[in-house]
Amino acid sequence: MVGHSGRREVRIAVAGDGGTGKSTLIAAMVSESFPEFVPHVLPPTRLPHNTYPDSVPLTLIDTPSSLEKRGALNEELKRADAVVLTYACDEPLSFERLSTYWLIELQKLEVKAPIIVVGCKLDLRDENQLVSLESLTRHIMQQFPEIVTCIECSAATLYQVPQVFYFAQNAVLHPVDPLFDYERNALTDRCVRALRRIFVLCDHDMDGALNDEELNEFQVRCFNAPLQPFEIEKVKTIVEQKVPEGVNSLGLIFPGFIYVHNMFLKKGQTETFWAVLRKFGYDNDLKLRHDFLPFPSKQASDQSVELTSQAIEFLNGIFRLLDTDKDRALRPAEVDKLFDAAPESPWNDAPYKDAAEKTDMGYISLNGFLSQWALMTLLDPPNSLANLIYIGYSGNPATALRVTRRRSVDRKKQTTERNVFQCYVFGSKNSGKSALLYSLLGRPFSNNYTPTTVEQYAASIIDLTGVRGTKKTLVLREIPEDGVSNFLSNQDCLAACDVAVFVYDSSQEYSWKKSRGLLEMVVRQGELTGFRVPCLLIAAKDDLIPFPRAVLDSVKVTQEFGIEAPIHVSMKLGDSSNVYSKIVNAAEHPHLSIPETEIARKRKQRHQLLHHSLIFALVGAAMAFVGLTACRARAVKKNSSA
């Protein structure tokens with residue numbers, strides 16, 4: 001059974017020193033009575049799903065304390081969703097052992113599960129040594145932030161036994177850490193961002209405040225129960241007293257909305273807070289759950305995902321809305337504002353950072369904005385769809401993305417319906433690969449050379465000359481020279497490729513030989529896996545004196561492989577020779593510019609010869625059959641006449 005959090009089970013390991021009451025605690029929970037005899041270690045015990053309101057079954061794991069069974073203990077601790085760590089209330093030394101041994105051991109094992117510290121045998125504690133639980137555990141909770149809560153119980157009287165495992169389950173299903181930053185004593189940034197999105201979704205009239213009707217709709221949506229008018233007034237009065245800027249004449253505004261949810265945490269009502277977040281599709285990482293995102297899945301590795309025209313139209317509108325000064329560019333602050341309801345800005349890190357066109361001031365242009373979205377959709381469709389929803393895409397999410405036809409089918413049909421083309425860029429170090437990417441983004445040429453050590457991307461919209469109104473998005477993916485072998489070790493590495501280009505420094509012998517070798521490697525890989533792709537040679541640095549042998553060899557190689565002559569470019573002189581349009585043109589004609597090795601050509605010739613021979617044989621057999629049938633017919637006719 002699956003609970004509200006999406007979990008099918010919560011696994012709770014009970015650990016601690018021997019004799020602290022681990023097994024008795026579990027047995028008392030299961031039997032709802034104090035057991036007279038309990039084995040040293042109980043087998044795994046499953047509580048029914050209706051034990052607690054979340055309707056998620058709990059599996060309680062008793063653990064051994066002996067050193068010889070330490071391996072089994074460690075495995076259970078690593079598998080646990082939560083750990084109940086016990087001490088005996090009548091043995092102060094067992095409590096000290098929590099901080100001097102058990103909690104340190106859990107850190108060594110890198111156990112990330114929440115920890116509930118439980119004092120057992122409360123009924124046996126000496127009344128002369130009474131001490132408050134808060135004063136006893138304050139230091140240990142400060143020292144070990146992984147401790148979620150501390151509680152004392154008695155299996156003999158059943159006092160707070162159910163609460164132990166309720167708190168453990170709650171720590172898993174309704175964790176506090178994603179919501180609250182203890183160091184800052186405030187809600188986490190990601191939590192505030194999630195609440196901002198929820199607030200905007202509930203603010204139907206978009207006036208920046210939740211009026212009484214909108215507050216009531218929010219209450220019904222999350223908790224299936226309406227608020228009475230006096231209850232709404234009470235909430236607003238409390239907020240106004242504590243956070244005067246949280247209410248205005250129109251209703252509850254965002255700071256007040258934040259304060260209300262902060263109250264849930266202060267009262268220990270994490271399940272109430274999470275009920276709101278779950279209703280709006282959030283998982284424990286405060287990201288939209290995958291089951292909340294109806295993104296289309298690819299059936300084959302040579303398919304890709306693109307934005308639909310409906311999604312692109314929405315993004316154009318968003319850009320115009322954010323571009324308040326109408327300079328057709330977005331400042332970094334405006335981009336951050338765009339994603340202020342997302343868990344984080346998705347473009348701050350690789351592979352998206354610096355992967356799209358920007359102005360001289362570092363602002364992102366409309367071309368760069370749409371290219372960035374196209375790149376994110378190509379590389380990570382679920383993340384792209386989630387961010388569309390975060391920024392307010394109100395249409396049916398299923399209409400935002402589309403899966404393209406297989407590239408192998410495109411080659412057979414000799415046409416493609418793709419609007420986004422991915423081009424792999426191969427070449428030696430210092431051949432001009434990065435300059436090719438930077439020029440696509442409109443960046444000035446630089447003589448400073450920095451070797452590329454990791455893959456990098458550049459995406460831009462290409463206006464096809466001669467085709468009115470036709471625009472395609474080109475994504476260049478640079479493969480570092482040192483990473484080619486590892487890259488090609490993946491059998492599906494060429495599946496997502498529309499065109500492969502091989503860049504070489506036309507003035508250097510090594511650079512040419514390296515690109516020729518890379519071309520041969522990619523061609524063999526394509527023939528081996530079936531993912532054959534159009535290939536182009538790019539002779540870079542055309543402003544330098546060419547290496548004579550490279551000129552002759554390049555002509556020979558292109559003739560041998562049956563591909564176009566090299567495209568000569570000089571990014572330093574600003575002479576790109578329409579290289580990007582030529583790359584897109586090759587992608588739009590996926591059956592052309594596909595190189596063939598001599599072995600592949602001979603194999604094709606043998607297949608064609610065999611195919612023709614088979615046809616001739618079938619035709620001959622058919623003719624023989626027809627002749628035989630005719631002879632039999634004449635013989636029958638002759639016999640009938642006789």
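The legends below describe close-up views of a predicted model.

Residues are numbered from 1 along each chain as its sequence is written. In this predicted model, local features need pLDDT of at least 70, side-chain atom pairs count only at pLDDT 80 or more, and totals for chains, interfaces and linings use all residues, while side-chain values use heavy atoms, with hydrogens and water left out.

**View 1. Confidence along the chain.** The mean pLDDT (the predictor's confidence in each residue, from 0 to 100) is 89. Of the chain's residues, 91% reach 70 or more. Confidence is highest in strand β15 (residues 420-427), at a mean of 98. It is lowest in helix α21 (residues 598-641), at 58. Helices (H or I, at least four residues) and strands (E, at least two) are DSSP runs, numbered from the N terminus.

**View 2. An open sheet of 6 strands.** The strand order is β2-β3-β1-β4-β5-β6, with mixed pairing. Two strands pair if DSSP finds at least two bridges between them. β2 and β6 stand at the edges with a single partner strand each, so one side of each has no neighbour in the sheet. The twist averages 25 degrees from one strand to the next. Angles run from 0 to 180 degrees between N-to-C directions, and axes are lines fitted to C-alpha atoms, for helices over the stretch in contact. β4 and β5 run parallel, joined by 6 bridges. Val 83 has Ile 115 in β5 as its bridge partner. Helix α3 (residues 92-108) packs on the sheet and touches β1, β4, β5 and β6. The direction of α3 makes about 150 degrees with that of β4.

**View 3. Helix α1 under cover.** In α1 (residues 22-31), 7 of the 10 residues are buried, so the helix is largely enclosed by the rest of the structure. Buried means under 20% relative accessible area, exposed over 50%, and partly exposed in between (1.4 Å probe, protein chains only). Among the buried residues are Lys 22, Leu 25 and Met 29. Their cover includes β1 (10-16), β3 (58-62) and α5 (161-173). α1 lies across β1, β2, β3, β4 and β5, at about 150 degrees to β3. Glu 32 follows α1, with a positive phi near 55 degrees.

**View 4. Glu 152 in strand β6.** Glu 152 sits in β6 (residues 147-152). Glu 152 is buried, with a relative accessible area of 9%. Leaving aside neighbours within four places in sequence, its contacts (heavy atoms within 4.5 Å) include Tyr 87, Arg 125 and Tyr 159.
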